[in-house]
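The report below is meant to be read alongside the sequence and the coordinates.

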Amino acid sequence: MKVVRQMVPLLAAIIILLLLFRIWVPTFLAPENMLDLTQQISVNTILALGMTLVILIGGIDLSVGAMVALVGTTTVYCLSAISGDTQNGFYLLISILAGLGVAALFGIFHGIAAAKTAMPPFIITLASMLIARGCALRFNSGLPISIGDQQTILLEIGNGRLFGVVPFPVVIMLTLFVLMALLLHRTRFGQHIYALGGNREAALYTGIPVVRVEVMVYLICSVLAGVAGLIHTSQLYSAEPASGEMFELTAIAAVVVGGTSFTGGRGTIFGTLIGAIIIGILDKGLNQAGIHYSLQYIVKGAVILIAVYIDVRRNRQAV
Amino acid sequence: MNSALRFLIPLILLTICITGCNDGSDSDSSQAESAATTGRLFGASFQTMNNPFFVDLGKGLKNELEANGDRLVILDAQFNSLKQKNDLSDLILQGAAGIFVNPVNWEGLKGSLLEASRKKVPIIIVDAPVKKADEELIVCTVASDNVRAGELAAQALAKVNPKARLVVLHLSVNKACIDRVEGFKTELEQHPEMKILDVQEAQGTTEGARPVMRDLIGRYPDLDAVFAINDPNALGVISALDSANKLDRVTIVTVDGSQAGIKAIQAGKLHSTSAQFPQEIGKIAAEKMLAHLKGESVDKEVKVRVELITAENAEQYLESH
């Protein structure tokens with residue numbers, strides 16, 4: 001019940017925003033437009049799901065945007081190198097595993113470095129953001145690599161629709177949302193995450209495998225960024241080494257607007273989904289209402305401030 | 001519930017504030033308002049608005065469309081191809097009559113082009129080419145004649161220094177810049193005594209050009225000319241040469257025609273810039289769109305003129321633009 005009560009202001013904000021934009025844009029609530037909204041938020045939501053876990057343990061992962069680019073370029077590069085002009089499901093699987101494998105390596109490195117050294121996660125992931133971006137730019141001298149027209153399975157991931165209605169990115173997003181919600185709120189691993197974020201020392205003394213939990217959390221975050229990267233690449237019909245810049249910041253924004261405490265220990269996966277939806281509605285609504293692009297920055301900044309301010313106040317009242 | 005109220009009140013105030021700001025910020029609001037109720041909606045998505053070139057291009061589009069009683073929404077993709085894709089689907093679903101696109105990633109535009117053609121929304125590409133394979137999905141491309149701009153720069157240099165030993169500052173990921181350098185090199189074949197010592201990447205920005213140019217001065221003490229691919233680049237070159245006390249011995253030519261570039265010409269620091277006409281690109285693109293919507297046929301590729309600006313016509317150019 002407590003969780004539901006916490007979500008009331010956020011849900012109300014969604015409804016109010018939808019109605020407000022409905023006033024400006026008559027077609028705003030049309031089913032097609034709403035379906036497009038869910039499709040538009042899918043990449044950011046998937047990034048934000050992983051980011052929620054990292055922020056819950058008091059960490060941060062600045063490398064997810066670069067990971068989007070690196071996984072996309074690795075996958076498409078492998079695919080065109082081994083399968084040439086033909087479509088082959090097995091080769092596609094290998095290429096995707098290569099892409100996600102690279103992301104997993106980065107994730108494991110982040111976890112170990114954060115748990116075993118005194119280096120702050122901000123700096124660790126800042127460095128690997130640069131390294132991953134550099135690696136992505138090594139492919140095709142930094143130019144986009146297009147996905148061949150014959151690679152219909154890969155193109156379907158970002159552009160196809162389940163039963164001709166629900167876009168696949170939305171299906172993937174919702175599946176991952178349910179999985180992550182179960183993982184965080186229904187397993188011992190989830191309890192460990194909260195314990196670690198609440199008080200690291202105490203977690204250590206109560207016998208929680210701190211290093212293992214931390215490595216798992218960063219690993220999940222990186223691999224989810226990889227999945228987002230595959231969708232992103234497919235949607236753009238090409239892998240773009242320079243893409244994904246600032247994605248980490250939008251993901252962090254969705255997490256904090258969704259009520260997760262930036263210092264760790266408090267927050268929910270459901271909140272993150274709501275946060276991503278709010279940011280998505282703002283993006284779409286401000287665009288369709290014809291708001292000048294300069295004002296769009298200001299409004300989004302203001303909304304993040306308001307959301308976090310309320311969160312901080314609520315937090316203080318709780319203590 | 002108390003906290004819910006606390007969240008909602010600022011939100012409502014904020015939205016009221018936006019509506020207020022938005023109406024106020026439209027410079028010619030009376031015209032915009034009448035257009036908003038009667039005219040068709042057009043959209044434009046630019047790779048960035050953080051460059052005067054695109055601000056002017058947008059102005060050209062807007063003036064032409066509003067004169068026709070229509071309205072234009074300009075969206076800033078912030079160099080983010082996913083945002084551009086989302087912006088375009090927002091415009092398409094809103095029923096835009098036509099959309100102007102300056103692509104962030106010309107490989108990445110295909111999904112949006114397919115969506116637009118399914119919904120029968122015509123697309124015009126501005127200031128950039130698209131892939132040959134995607135040409136059938138668009139009405140046309142409207143861009144500066146970048147090859148010509150490069151040729152003009154080479155001619156201007158040959159006139160003052162026919163034996164120039166020069167370096168080129170490039171941005172080789174950008175098709176427009178590739179065309180400029182190609183035009184420059186083609187023209188250079190007419191002047192066999194001129195020699196390109198080196199071609200270096202300098203990001204197309206002022207801060208990118210400065211360190212690169214300083215290194216080049218050290219490596220080639222006898223260099224006496226520079227071709228920079230745009231005005232910001234040329235300004236970085238000027239700053240590097242100035243601090244090495246070599247500005248008076250080196251001739252710099254470039255392409256762009258920005259205010260800052262022309263001022264540098266007037267100050268005697270820059271020899272020439274092959275000016276582009278972004279407002280004209282916008283105007284012509286809008287005209288082509290309106291013609292297409294009337295059912296007229298439109299050329300697939302429209303080149304917009306460029307003009308050489310030197311100290312002789314700098315004053316006149318500034319006054320007329």
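Predicted model: local features only at pLDDT ≥ 70, side-chain atom pairs only at ≥ 80, totals over all residues.

**Chain B as a whole**

Chain B has 12 helices and 12 strands, and 56% of its 321 residues count as buried. Among the contacts in chain B with a separation of 6 or more, 73% are accounted for by residues 24 or more positions apart.

**The contact between the chains**

Between them, chain A and chain B bury about 4,100 Å², and 64% of this lies on carbon and sulfur atoms. In chain A, the residues that lose the most area to chain B are Tyr237(A), Asn287(A) and Tyr293(A), which together make up 15% of what that side buries. The contact draws on 48 residues of chain A and 42 residues of chain B.

**Salt bridges**

Side chains of opposite charge can pair when their charged atoms come close. Over all chains the count comes to 16 salt bridges, and 2 salt bridges are found across the interface of chain A and chain B.

| Residue | Partner | N to O distance |
|---|---|---|
| Lys119(B) | Glu32(A) | 3.0 Å |
| Lys284(A) | Asp90(B) | 2.5 Å |
| Glu307(B) | Arg305(B) | 3.3 Å |

How far apart are the N and O atoms where the side chains of Glu32(A) and Lys119(B) meet in a salt bridge? The distance in the salt bridge between Glu32(A) and Lys119(B) is 3.0 Å. Glu32(A) belongs to helix α2 (residues 31-40) of chain A, while Lys119(B) sits in the loop between α5 (110-118) and β4 (123-126) of chain B, so this pair joins two chains. Glu32(A) is partly exposed at 46% relative accessibility, and Lys119(B) is likewise partly exposed, at 37%.

The salt bridge of Lys284(A) with Asp90(B) has its closest N and O atoms 2.5 Å apart. Because Lys284(A) lies in helix α13 (residues 269-288) of chain A and Asp90(B) in helix α4 of chain B, this pair too joins two chains. Are Lys284(A) and Asp90(B) buried or exposed? Both Lys284(A) and Asp90(B) are buried.

Within chain B, Glu307(B) forms a salt bridge with Arg305(B). Glu307(B) counts as partly exposed, with 29% relative accessibility, and Arg305(B) is also partly exposed, with a relative accessible area of 40%. Through shared partners, salt bridges join Asp36(A), Lys284(A) and Asp90(B) into one network. Arg305(B), besides its salt bridge with Glu307(B), lies over the face of Phe277(B), at 3.9 Å from the ring centre.

**Aromatic pairs**

Over all chains there are 10 aromatic pairs. One of them is the tilted pair of Tyr77(A) and Phe139(A), with 4.9 Å centre to centre and 50° between the planes. Tyr77(A) is in helix α4 (residues 64-83) of chain A, and Phe139(A) is in the loop between α6 (121-138) and β1 (145-146) of chain A, so the pair ties together parts that are 62 residues apart in sequence. Tyr77(A) is partly exposed, at a relative accessible area of 43%, whereas Phe139(A) is buried, at 17%.

The aromatic pair of Phe53(B) and Phe54(B) is edge-to-face, with 5.3 Å centre to centre and 90° between the planes. Phe53(B) is buried, with a relative accessible area of 10%, and Phe54(B) is buried as well, at 4% relative accessibility. In chain A, one aromatic cluster is formed by Phe21(A), Trp24(A) and Phe28(A).

**Two residues with positive phi**

Met246(A), although not a glycine, has a positive phi of about 70°. Met246(A) is placed in the loop between β4 (238-239) and α12 (247-257) of chain A, and is exposed, with a relative accessible area of 52%. Phe79(B), which is not a glycine either, has a positive phi of about 55°. Phe79(B) is in the loop between β2 (71-76) and α4 (81-93) of chain B, and counts as exposed at 51% relative accessibility, because the cut-off for exposed is over 50%.

Conventions: Residues numbered from 1 in each chain as written. Chains lettered and ligands numbered in written order. Heavy atoms only, no water. Helix = DSSP H or I, 4+ residues; strand = E, 2+ residues; numbered from the N terminus. Buried < 20%, exposed > 50% of the residue type's maximum accessible area, 1.4 Å probe, protein only. Contact = heavy atoms within 4.5 Å. Phe/Tyr/Trp six-rings, centres within 6.5 Å; stacked < 30°, edge-to-face > 60°. Lys NZ or Arg CZ within 6 Å of the ring centre and 35° of its normal. Buried area = accessible area lost by both parts, 1.4 Å probe. Salt bridge = Lys/Arg side-chain N within 4 Å of Asp/Glu carboxyl O.
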